[in-house]
Amino acid sequence: MSSDPRRAELDAKVLEWIEEPLWGTDDERFDTLALALFAFQFEHCLPYRRFCENRGRTPEDVQTWVEIPPVPTGAFKEMPLHSFPADRLAHVFRTSGTSLERRGELHLDTLALYEASLLVPFQRFLLPDLHTDREPLIYALAPSPAEVRDSSLSHMFAVAIREIGAEGSRFFLSDGGLELDALLEAMDRVPTDRPVLLGGTAFAFVHLVDALAQRNARLELPVSVRIMETGGFKGRSRSMPRPELYERLEDALGVSVDRIVNQYGMTELGSQFYDSILREPGAVRRKLAPPWTRVRIVEPASHRDVSAEATGTLVITDLANTGSISAIQTADLGRSILEGFEVLGREPGAEERGCSIAADELLDTGKT
Amino acid sequence: MNPDALRERRMRLDDAGQALRARPKGESLDALCRTLDAWSDPESRWRKRLAQQLPPATGFSPETVQEGLRIALAQWNGAALRELVKQERCTETAGLGTTALFLAGSIPMPSLVQMLAPLVVGAPVLAKSAARDPVTPGLVAASIAEADPLLGECVAAVQFPGEDTACVGELLACPCIVATGSDETVAAIRDRVPAGAHLVEHGHRLSLAALGTDVTRGNALDDVAARLALDIALWDQLGCLSPIAVYVVGEHAAAAVAEALAEKLGALEARMPRGSVDPAAANAFAQARAEAEMRAASGMVRLYADPADAWAVVLEPAAALRPAPLHRFVRVFPVVDAADVARAASPYAPHLAGIAAEGFESESAALNTALRALGAPRICPPGTLQAPPLDWNRDGHGVLRSLTGSPTDTGAV
């Protein structure tokens, strides 16, 4: 926990909300916390304060969370954006990218809130059938944090394995390569009496289906298995449209498309967003925001909300980002669907978000 | 357009091509010169139709289209075409047969010259319109038909989605293929070109600007900033000849140039407004502007920007590769001297189309040599970047020669 009492109080309130068993939309609660957090971050993060002042926004002027100036994700590549003293820095997560590119950095002084905000949606959207006596088996197509300490995706899987994973949960990407034989062996004896999550980058799954095709191998995994994929293909040796990837996954692994979930996340945010498909089977596939987050879809220049179902920039306010900046202007386009949203990708030429590339660089250079 | 109709069209073009090659020498060139003279005349009905139809089809403002056509087509006329033929020593029967064009982008001049060039060497043209400009190819084809009915039978403008692999296959059955577009698009076409076919590639290119100390003070600054702002604003910075970065000798001079450019881009917005921008491009612009805003607030850069994102100028502290969202977004970098310009531009070397340079006096010859060594095919004063001559050899293999299979071509695959 933070040594700053004001921050510790904010952390405690957000944590309390995250851990509540029932999720409900509470606009007043969100607004109160978001404004308090804005005031705190305005005071403690000098680059952010200057940015807000240049826009004529101070805690005195901002009346509602919608008016909080969002920081563009690109700014995390340019300067440290944290709301705690530099000597309290405990962990840094970095965006993926090549050695020639600047990489965005999320600076954290504590992992407590960060881990809570990633774990709860992970459970609710990927493991809605979870029971206390049947821990999920988690197989991660990603390198372990020991290999890539600054990868937020690897950290997420590590936390999930540590906190809720059944014995045998593990990483299947190491030393630059997918451990295909080990993975196939594990899949061969996959249990049917507990949830099994196969998670990783989209690119890792492309490697997997390619490798299976080369061996003429086809699996018929039980319904206990679900897949979570994340990230894009920018700069990768191989890319595949998402519908085609899902079709090939269904064909190669026997996991139906309605058990494949896309995760939308980014290093700059503590919380992630998942497809609703496992949580609300049969309903329209869309991303649902946890209650301590808000997603706006705005006209890029004016930041005014776009009309219903129109395409616009995704702006996310994540109360779990207490140690950095809570309001983020993403580089992604999106569109509202019912009370949720869908991610339409990003502009041509922009760098892909997500953690796909860091893990994929290892795959590109290593064995498969 | 479906594959069967496309095949029939291609076969008709092949037949018309026989008649074209058999006609008396000089007739085709005369007709093509008349065609280009018409396009060069602002009062011609083809120019007027294009100026009317292009804005709603592409999103450019009518003022931008008018100004862009005025500047670019001023020197593109029959005499220039005859000079080009002379320079490249091409005959009217040197073509390889029906030439398939994969056109790209939303700027009309490349489509115009690409459609005329095969006809000059006696080859019929089957042109696939770019998704972003469904207007120009049809008008060019009609203008050719008006000037000469036989040439009219030798040119066809078609439209179909780029993902329609069957239709793409019909175009790839032509003996000569001209692929224009992003490097990914060109590579995708290259992968499908059959053995023995002749492929001419026009991939991704971009432009830069460089200003020396002779033009960054007093009235000279005001003048050069106005000209450079026009280069940036024309076609909303979407062309390969649109500068995305400006290198200025001296830190103070760079600051002065950035401020002057901002003023001129603001003035141009009133006279020649930026056109509509799709959500993806607007998003990229807004992200780059907000990022610059963050850096400006911390004193890392200076930002001049229109409140509605119609233009932006960022004064950077040092030369570096940074995102270029286009649509009138430009970065100004200080450099030490002319040699430093070449160093700063070198990462762009494989993709350089043009460099607008001025104010280097005694260093200009050395600078030109250095920039040419980087592969910049066009070096010219600011304000003229967007008006290349008809014989501009963008990709180094000749406007006409590239279509004849001569040894300087990219070659058969």
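This is a predicted model: local features need pLDDT of at least 70, side-chain atom pairs count only at pLDDT 80 or more; totals for chains, interfaces and linings use all residues.
An α-helix has 3.6 residues a turn, so residues three or four places apart point the same way.

Just after H5(B) comes B:Arg89, whose phi is positive, at about 50 degrees. As background, most residues other than glycine have a negative phi.

## Overall form of chain B

Chain B contains 15 helices and twelve strands. Its radius of gyration is 22 Å, close to the 22 Å that the globule rule gives for 413 residues, so chain B is as compact as a globular protein of that length. Taken along the principal axes, the box filled by the C-alpha atoms of chain B is roughly 65 × 45 × 45 Å.

Of the 413 residues of chain B, 52% count as buried. When the contacts in chain B between residues at least 6 apart in sequence are considered, 76% of them join residues at least 24 apart.

## A parallel sheet in chain B

Five strands of chain B form an open sheet with parallel pairing, in the order E3-E2-E1-E4-E5. Strand E3 (155-158) and strand E5 (198-202) of chain B each have a single partner strand and stand at the edges, so one side of each is left without a neighbour in the sheet. On average, and with direction ignored, neighbouring strands of this sheet are turned by 15 degrees against each other.

Within this sheet, strand E1 (residues 99-102) and strand E2 (residues 125-128) of chain B are joined by four bridges in the parallel sense, and B:Thr99 stands opposite B:Val125 in E2(B).

## The nonpolar core

The largest nonpolar core has 233 residues, and those with the most contacts inside it are B:Tyr247, B:Val257, B:Leu261 and B:Val332. Helix H13 (residues 279-297) of chain B gives the most to this core, with eleven residues.

Leaving aside residues up to four places away in sequence, B:Val257 touches B:Leu211, B:Thr216, B:Leu221, B:Ala225, B:Val246, B:Val248 and B:Val332.

## Two positive phi values in one loop

The loop between strand E9 (312-315) and strand E10 (329-335) of chain B holds B:His327, and B:Arg328 lies in the loop between E9 and E10 as well. B:His327 has a positive phi near 55 degrees, while B:Arg328, although not a glycine, has a positive phi of about 75 degrees.

B:His327 counts as buried because it has 23 C-beta neighbours inside 10 Å, and B:Arg328 is likewise buried, with 25 other C-beta atoms within 10 Å; the cut-off for a buried residue is 20 or more.

## Chain A and its contact with chain B

The contact takes 22 residues from chain A and 18 residues from chain B. On the side of chain A that touches chain B, helix H3 (46-54), strand E1 (71-72), strand E14 (312-318) and strand E15 (327-337) of chain A each supply at least two residues. The largest share of that side, four residues, comes from H3(A).

Elsewhere in the description of chain A, A:Ala142 is placed in the loop between strand E4 (137-141) and helix H5 (152-164) of chain A. A:Ala142 counts as buried, with 31 C-beta neighbours inside 10 Å.

How values were computed
Residues are numbered from 1 along each chain as its sequence is written. Chains are lettered from A and ligands numbered from 1 in the order in which they are written. Two strands pair if DSSP finds at least two bridges between them. Axes are lines fitted to C-alpha atoms, for helices over the stretch in contact, and angles run from 0 to 180 degrees between N-to-C directions. The radius of gyration is taken over C-alpha atoms; the globule rule is 2.2 Å times the number of residues to the power 0.38. A residue is buried if 20 or more other C-beta atoms lie within 10 Å of its own, exposed if 12 or fewer, and partly exposed in between; C-beta atoms are placed from the backbone. Two residues are in contact if their C-beta atoms, placed from the backbone, lie within 7 Å. A nonpolar core is a set of buried Ala, Val, Leu, Ile, Met, Phe, Trp, Tyr and Cys residues joined through C-beta atoms within 7 Å.
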